[in-house]
Amino acid sequence: NLPVTLQSEPGKGSIFAVEIPISDAVPKRASAKLGRIVPRPSLLTGLNVACIDNEETILSGMTVLLSGWGAHVMAAGTRDDLQTVIEDNDGALNVIIADYHLDNDDGISVITQVRSSFNEQLPAILITADRSAALREEAEAKNITLLNKPLKPAALRAMLTAIPTSKAAAE
């Protein structure tokens, strides 16, 4: 049994507390079962992702998210910077993720240029708050997957796990 305490003041709220003893000793039975912990490889290990967004905080967050899933991220805020970072990585690219609204540019034209420079069949994901039928039709006509904002990380991860990686191709 663990002791439980209660403090309450009318109109101010209540505090409940449970006291749990701390032990430095791990039972022998438990320590024998722990063994060696082996990290599980990420589903996106080996995936090379080019990411473009003109908002630095969004780009940084996307980089952290994708890297946390094991992907190698090539991030840039402009078309020219993206072209350079992809070239610096020898054009090794599995997918491009682009924001639609960029400073003096748009994600569809950036995707089109990257495809013409590196791989016409490159999978592409366009992220946008624009829900217009015209944009949806244009993206579909150019074989670009459209994800609406707010972005659901689980939906993005599901799409990315379906993309073959260069690691898988090498095996």
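## Surroundings of Leu126

Leu126 touches Ala98, Asp99, Tyr100, Gly107, Ile108, Ile111, Leu135, Ile144, Thr145, Leu146 and Leu147, leaving aside residues up to four places away in sequence. The model is predicted.

## Nonpolar cores

Leu126 also belongs to the largest nonpolar core, which has 22 residues. Leu82, Ile96, Val114 and Leu126 are the residues with the most contacts inside this core. Two or more residues each come from the strands β3 (48-52), β4 (72-76), β5 (95-99) and β8 (124-128), and from the helices α3 (79-88), α4 (107-118) and α5 (133-141). Helix α4 gives the largest share, 4 residues.

## Packing of α3 and α4

Two packed helices are described by the angle between their axes and the distance between the axes. For α3 and α4 the angle is about 30°, and the axes are 11 Å apart. Because angles under 35 degrees count as roughly parallel, α3 is roughly parallel to α4. Their crossing is right-handed.

From α3, the residues making the contact are Arg79, Leu82, Gln83, Ile86 and Glu87. From α4, they are Ser109, Val110, Gln113, Val114, Ser117 and Phe118. Sorted by class, this contact of α3 with α4 has 5 nonpolar, 4 polar and 2 charged residues. Leu82 and Val114 take part in this contact, and both are also named among the residues with the most contacts inside the largest core.

Methods. Residues are numbered from 1 along each chain as its sequence is written. This is a predicted model: local features need pLDDT of at least 70, side-chain atom pairs count only at pLDDT 80 or more; totals for chains, interfaces and linings use all residues. Side-chain values use heavy atoms; hydrogens and water are left out. A nonpolar core is a set of buried Ala, Val, Leu, Ile, Met, Phe, Trp, Tyr and Cys residues joined through side-chain atoms within 4.5 Å. Buried means under 20% relative accessible area, exposed over 50%, partly exposed in between (1.4 Å probe, protein chains only). Contact means heavy atoms within 4.5 Å. Axes are lines fitted to C-alpha atoms, for helices over the stretch in contact, and angles run from 0 to 180 degrees between N-to-C directions. Angles under 35 degrees count as roughly parallel, over 145 as roughly antiparallel, 65 to 115 as roughly perpendicular and the rest as oblique. A crossing is left-handed if the near helix is turned anticlockwise from the far one by less than a right angle, and right-handed if clockwise. Ala, Val, Leu, Ile, Met, Phe, Trp, Tyr, Cys and Pro count as nonpolar, Asp, Glu, Lys and Arg as charged, and the others, Gly among them, as polar.
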